[in-house]
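Hi,

Here is the structure I promised to pass on.

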Amino acid sequence: MSVAAMADWRPVPAPAVVMRHDRARGTDLLLLPERVVVLKGAAGAIVGLCDGTRSVGDIVGELADRFPGAPVAGDVPAFLDQLRTEGWLR
Amino acid sequence: MTTAPDRPWALLAELTHACPLHCGYCSNPLELTRRSRELTTQQWAEVMHQAGELGVVHTHLSGGEPLLRRDLAQIVTAAEQAGIYTQLVTSGVGLDRSRLSELTAAGLRSVQLSVQHADPDASDRIGGRRSFADKERAAALVRDAGLPLGLNVVLHRENLDAVDAVVELGLAWGVDRIELANAQFYGWGLLNRAALLPTRDQLTRARDAVERWRERLAPDGPELVWVVPDYFDGEAKPCMGGWGAVSLTVTPDGTALPCPAAASLPDLDPPNVRDHPLSWIWDHSTAFTRYRGTAWMPEPCHSCSHRDQDFGGCRCQSYALTGDPSRTDPACRLSPAHGLIRALTEGDGEASEGTQGRTVAIRRRAPGRAGATGHAGQLP
Ligand code: SF4
Ligand code: SF4
């Protein structure tokens, strides 16, 4: 996807996908038919911002505030694009 | 046990053994639970609550035919409230528009529909009842509702040659996933093994067909899952991802089992959710701890480098074929009892006999009821 199109995208979990926190294991999860995806590290915080109202630019901005010094501008759009390729985000 | 075992991810909830179909390979036990012994709505709701606390995040609502539980939507709600992702496993019989919308409103996430064959007459024959048209309707309803839809097909001698047609059916019905599960031989499957066991040629052709479809469908087509025929591979299957390791089963009367077939093990003495909390059952009951990990393993498993991948295979199969559930699964070519399997698959066993005869009768569970098997005159 082009950089401009990526910036306009407002990601949201695909209809079959449920994101939830797993208290028993202290981690965030994506639940799909026949599959559980464990969101390690900051992945849960990133996907948690994908509510269909925030653009990728908004998400990058919020994360940059929350994790100063982290390479969010490059890593986060790439990560979101990867989740879209898997069909987990739209 | 020094450290607590890993938390279970999944619960197979066998809500009822009653079913309008009567497939010759049904995974329900030979002794079906009668309806009057089933857990109540409240008890299932409590099972879901406790399962969620324990770490379960996925449940298959299965049976028999779970739609025969009038309170299915309430059970879905209880699972949803416990944070558990619900997947309905159904024959499709009884799934009309109002029932489906009741279930989706309760939070149902996904549906898996069983089909016995791609050809309507053959499907009806294998299932022992006219049901193909109901399945087709059910598939369309699930699609309309926007729910993910999986097609489940148990493969055996009568339908292995139709794998191409089964995949085409899945494409025509717009499914997201096709599970092609080679029949397992315990319970009803073992009883009917002579009629179900395929030939090695059939399996090779089917496996090649699946490979071709995988290449054609990737990456956007439906996912194709091939559940291996362990009789023919010389390799034990990693049953349930390990005993008491990732999932548990609760049967219609509340019996908790490490695997749905484990009811067949003679001295397992499985606990019941009416008597014990699920967390105790998972952590401490002998039924769940007995074959957990690797310490219980005999040779050759105990010193084998595969033991953490296949966990020594299937306990139920070891018991069914050798009479001792703690032995190495005879499906493994390293098992001292592997000759039992080879005799069946190398041409001089049941498979070839059946192929010549072609008329091995299927022994079926009684249709539409549970508890009728072996209890003639005691219908629920
Ligand atoms: S009879 Fe067939 S449809 Fe019914 S539970 Fe058994 S395998 Fe499933
Ligand atoms: S000997 Fe046991 S652990 Fe080794 S491959 Fe066979 S079944 Fe698996």
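Below is what turned up in chain B, beginning with the sheet and ending with a ligand site. Keep in mind that this is a predicted model.

The sheet: chain B has an open sheet of 9 strands with mixed pairing, in the order β7-β6-β5-β4-β3-β2-β1-β8-β9. Its edge strands are β7 (223-227) and β9 (256-257), each of which pairs on one side only. For a parallel example, take β4 (residues 110-114) and β5 (residues 149-155) of chain B, which pair over 4 bridges. Within that pair, B:L113 sits opposite B:L151.

The helices: α1 (residues 41-54) of chain B packs on the sheet and touches β1 (10-14), β2 (58-62) and β8 (247-250). The direction of α1 makes about 170° with that of β1(B). Helix α9 (residues 200-217) of chain B lies across β6 (177-182) and β7, running at about 160° to β7(B).

Ligand 2: the residues around it include B:C301, B:C304, B:C332, B:H306, B:R307 and B:D310. By type, the shell divides into 6 nonpolar, 3 polar and 2 charged residues.

If you were wondering how many disulfides the structure holds, over all chains: the count is 0.

Cheers

How values were computed. Residues numbered from 1 in each chain as written. Chains lettered and ligands numbered in written order. Predicted model: local features only at pLDDT ≥ 70, side-chain atom pairs only at ≥ 80, totals over all residues. Heavy atoms only, no water. Pairing = 2+ DSSP bridges. Helix = DSSP H or I, 4+ residues; strand = E, 2+ residues; numbered from the N terminus. Contact = heavy atoms within 4.5 Å. Axes fitted to C-alpha atoms, helices over the stretch in contact; angles between N-to-C directions. Disulfide = S-S within 2.5 Å. Near = heavy atom within 4 Å. Nonpolar A, V, L, I, M, F, W, Y, C, P; charged D, E, K, R; others polar.
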